[in-house]
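Here is a friendly briefing on a protein chain. Keep the structure open beside you and look for each spot as you read.

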Amino acid sequence: MNLRSWNFQGYILLLACYGFIACKSNSEQARTEDLPPANIHPQVLQPDQNLGGDTGNQEIFSEFRTAQGPTHFRAKTIDYGAGVNGISTGYYMTPVTGTAKIHPALILIHGIMGLSKKFKKNMQRFVAQGYQILAVDLYLGEVPVDASAARELQEALLKRGKIDTIRNITDASDYLFNQLRVKSLSVVGWDAGGSWAISTMLTFPASFASVVNFYGPPFELKGQESTLNVPMMHIFVHDDPSLDIKEIITLEEALKKLAPAEVVFRKFEEVAADFLEPSLSDTQLDDEDIRAAYHHTFKFLNRYQASD
């Protein structure tokens, strides 16, 4: 499945006034010779039962298995803000360790297929690394069933406007800082969600320790290369038909020379443009490129996160 051709062309046309996203240096082939074991193995809980079924605000406790053993967690749909379009809700997941430790926190921003059951299942990758997570829902409770529905939801999101979407994300950060007392917070986004992550970071840079952009259009940083103070990682696909790779390289070179913060570009070749989209088949969870992308993502995030 590759919905990104419409997704990015549509965003570029409809968001020309916004720009949308970027990062910096060290563009290198992203495969690694000694990848760790896959983070996720078949889990104990059934995702239809506990990770996306109609559980309302009921909190669940369960576990999933990694190469290192079982990881216990709790998860819950929460309300974290009130915007012009109503209450902002998201999905919260955190490790259960039996201690009072405050885990480092992440905001996750979904891509084209929304806050789906598989996206919630994919959150376990981050929980297995010791993160508590709040996944925002930019589609206001709707999950697209196909590419056509995804296009309609993206268009509706754009019509609501940039300010409203950034407020949704910053409400989530306020909730984590004020209600859960987290010490540091990073943000990770997929495709257009990566672009929203960077757009929010540029608006409120003091809120975030780092940003990871999974192949979102990285062009909002044009003209701001010398003022980027938040570390960023940009993962992109060399043959992505929706992006101008020459533009990416030019931006990377400018950031490498000027940006005060660390910004890492990691390039993947011979993979689908949306190879990290969580809605893809479960059989791809152990794919070497996917494992490599998450391996580098966690190494990057861990450099800038603090916990109690």
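A residue is called buried when its relative accessible area is under 20%, exposed when over 50%, and partly exposed in between, using a 1.4 Å probe and protein chains only. Helices (H or I, at least four residues) and strands (E, at least two) are DSSP runs, numbered from the N terminus. This is a predicted model, where local features need pLDDT of at least 70, side-chain atom pairs count only at pLDDT 80 or more, and totals for chains, interfaces and linings use all residues. Residues are numbered from 1 along each chain as its sequence is written, and side-chain values use heavy atoms, with hydrogens and water left out.

**The whole chain**

- The protein chain holds 9 helices and 10 strands.
- Of its 308 residues, 56% are buried.
- Taking contacts (heavy atoms within 4.5 Å) between residues at least 6 apart in sequence, 74% join residues at least 24 apart.

**Strands and their partners**

- Strand β4 (residues 86-95) is mostly covered, with 7 of its 10 residues buried.
- Two strands pair if DSSP finds at least two bridges between them; β4 and β6 (residues 132-136) run antiparallel and are joined by 4 bridges.
- One place to look is Met93, whose bridge partner in β6 is Ile133.
- Strand β10 (residues 263-268) is also mostly covered, since 5 of its 6 residues are buried.
- Strands β9 and β10 run parallel, with 6 bridges between them, and Met233 has Val264 as its bridge partner in β10.

- Most residues other than glycine have a negative phi.
- Asp191 is not a glycine, yet its phi is positive, about 40°; Asp191 sits in the loop between β7 (185-190) and α7 (192-203).
- Tyr215 is not a glycine either, and its phi is positive at about 55°; Tyr215 lies in the loop between β8 (210-214) and β9 (232-237).
- Asp191 has a relative accessible area of 0%, so it is buried, and Tyr215 counts as buried because its relative accessibility is 0%.

**Aromatic rings**

- Rings of Phe, Tyr and Trp (its six-membered ring) pair if their centres lie within 6.5 Å; planes under 30 degrees apart count as stacked, over 60 as edge-to-face and the rest as tilted.
- By this rule there are 11 aromatic pairs.
- Why is the pair of Phe126 and Phe298 edge-to-face? Their ring centres are 5.3 Å apart and their planes stand at 80°, so the pair is edge-to-face.
- This pair links distant parts of the chain, 172 residues apart: Phe126 is in helix α4 (residues 124-127) and Phe298 is in helix α9 (residues 288-304).
- Phe119, Phe126, Trp190, Phe214, Tyr294 and Phe298 make up one aromatic cluster.

**Nonpolar cores**

- A nonpolar core is a set of buried Ala, Val, Leu, Ile, Met, Phe, Trp, Tyr and Cys residues joined through side-chain atoms within 4.5 Å.
- The largest nonpolar core has 40 residues, and Ile109 is among those that touch the most other members.
- Not counting residues up to four places away in sequence, Ile109 touches residues including Phe119, Val136, Trp190 and Trp196.
- Another core lies apart from it, with 35 residues, among them Leu108, Phe126, Val127 and Leu301.
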